[in-house]
Amino acid sequence: MARDTDALRTGGRRGEPAVRDGDGARVLLVSANREKAPHPVYPLALDYLRESLQTAGHRCAVFDCGLAENPAGELEAYVRRWMPDLVGISIRNVDNSDSSRPKLYVPDAVEAVAAVRRASEARIVLGGSGFSLFPHELLSATGADMGVVGPGESVLSEIVSRTVAGEDPSGLPGLARLDGDLFAATPPAPPARPPAAPGRDEGLLRRYWAAGGPVNMLTSRGCPNRCVYCTYPMLDGPAAWARDPADAADEIAALNARFGVDSFFIADSIFNADPLRPRMFAGELLRRKLKVRWTAFFSPAGMTADAAAALKASGLEGVELGAESLCDVTLRAYGKFFSAADAVKCVQACAAADLPCLVYLILGGPGETEETLRETLSRALELPRAVFTVFCGMRIYPGTPLHGLAVREGIVSEGESLLEPKFYFSPALSRGLLEARCAELSRRPNWLIAGHGMEAREKMAALFRASGAKGSLWHLLRP
Ligand code: B12
């Protein structure tokens, strides 16, 4: 599905052959993501990129592979008609981080680049979280001209301006290139402070909302933590910016009034990294008397029943809790700064406020033993009214402390590519035992365990969505 966003604004030339305007370049932004689970995710990155390109005087169109029936064919045809000067392709996911049922998305990106190449000689620039984690591998797999590691909004518009002026973009922050076997990348830019709210692509937004997933938005960027396996601080920087909660609430009010959207996913790395902001945000929503629901990723430390009640009153429909383990030994090995008691208190606080809570667990990572696993699971089974989402083994990402550990322990070798996912399983825990425990737990309706009956659950969720259910659905599994 494609949109010329200028045409949306002016009612003009969608799909017509390109006519040189003399006022900036024609940039096509492509989202390569076709994943529909747990819900189709609106390509928010493209709004940030488009906003900055249009501010710099360039003309933008958007093509979303996730909404196309025949993505490669439709993209090729669109490029032939729209004739972009440069094409930016966003690669959000490379795989689903699931050791038991790995799904690889790189072929979708390779297909998108090939489709553009068949239709045009336009420069192709890659970006997105998936690209940022594997720039060398993805430039090599796709043959794209260059890519941007990290936040792309200011860099992409600079690349476009320089490219149309016939200048070399070398040296721009995060610019990655592959020349023969020679890979070079400059350090990424910190995420630029965004506009109060990025302009949305109306057509896309309506289609995503009709598909039923919560609509995403950001209220902050950056992650101050250093969990051993996690990519967030690399993707977002340590603590980049936080919007005024009043601006964020205004964005919700505007999307609600304009599109009728009433379910939102705050896509911040950790929504309560600053413990004061959630209540300020909730206060702003309450002040506007909005009838909306929202969800976000929370860290356990500091949640009280009072805070949970205040957040619930503002429309928080569920806390997505990044606990990962409920055993202090394992939490320390995972690089967490909170304790098992913090996580338990957080779930209890949510239950006391009748606020649904989805607890994320990663079982079998570094430091896990039979004993630590038993401790986590017995605590989990005592938690009141929680839903669990469980991954077994840890996806190893380049440049993380886990990667270093995996090399030292001989689980992966030093220069080995991790694009095809590799997982760390604690050598001190039997895989058979872990599997057996997961198989048992997966019979409980409130335990979502990767590799254990998830296809059936995803089908069920798709049926619910087809019958009009909107927003996050996991809280329907709450005991
Ligand atoms: C929120 C989130 C979710 C939510 C999304 C809810 C929603 N409705 O939005 C949920 C929980 C549903 C989810 C699900 C999944 N997620 Co997720 N998610 C995130 C998270 C935390 C934020 C993503 C986001 O929206 N960021 C805000 C936008 C604006 O940033 P951005 O997309 O990175 O774009 C910027 C840059 O990348 C760059 N850029 C982007 N595109 C382009 C293009 C060009 C040309 C250029 C130059 C630059 C550029 O500029 C943009 C603006 O600065 C990231 C981790 C993170 N901190 O980034 C993981 C992350 C993207 N998810 C990931 C994964 C794997 C998934 C899943 C496949 C499964 C899973 N196991 O979680 C599913 C897939 C869902 C789908 N349908 O695609 C991985 C992807 C890496 C990988 N292994 O492939 C990440 C990076 C986390 C991780 N494990 O490291 N996710």
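Buried means under 20% relative accessible area, exposed means over 50%, and partly exposed lies in between, with a 1.4 Å probe and protein chains only. At 17% relative accessibility, C230 therefore counts as buried.

Before going further, a word on the basis: this is a predicted model, where local features need pLDDT of at least 70 and side-chain atom pairs count only at pLDDT 80 or more, while totals for chains, interfaces and linings use all residues. Residues are numbered from 1 along each chain as its sequence is written, and side-chain values use heavy atoms, with hydrogens and water left out.

**Cysteines**

If you were hoping for a disulfide (a pair of cysteine sulfur atoms within 2.5 Å), a search of the whole structure finds zero.

| Cysteine | Nearest cysteine sulfur | Distance |
|---|---|---|
| C230 | C227 | 5.9 Å |
| C327 | C227 | 16 Å |

Like C230, which is buried, C327 counts as buried, at 1% relative accessibility.

**Helices**

Helices here are DSSP runs of H or I with at least four residues, and strands are runs of E with at least two, numbered from the N terminus. Helix α2 covers residues 44-55, twelve in number, and reaches 17 Å from its first C-alpha to its last. That is close to the 16 Å expected at 1.5 Å a residue, taking 1.5 Å times one less than the number of residues. Nine of the twelve residues of α2 are buried, so the helix is largely enclosed by the rest of the structure. Among the buried ones are D47, R50 and Q54, along with L44, L46 and L49. Just after α2, G57 takes a positive phi of about 90°.

Further along, the axes of α11 (residues 277-287) and α12 (residues 305-313) come within 8 Å and cross at roughly 35°. Axes are lines fitted to C-alpha atoms, for helices over the stretch in contact, with angles from 0 to 180 degrees between N-to-C directions. In contact terms (heavy atoms within 4.5 Å), P278, R279, A282 and L286 of α11 meet D306, A307, A310, L311 and A313 of α12.

**Around D145**

D145 sits in the loop between α6 (135-142) and β6 (146-148). With a relative accessible area of 28%, D145 is partly exposed. Leaving aside neighbours within four places in sequence, D145 is in contact with R117, A122, R123, I124 and R177. D145 and A176 are 31 residues apart in sequence, yet 9.1 Å apart in space, C-alpha to C-alpha.
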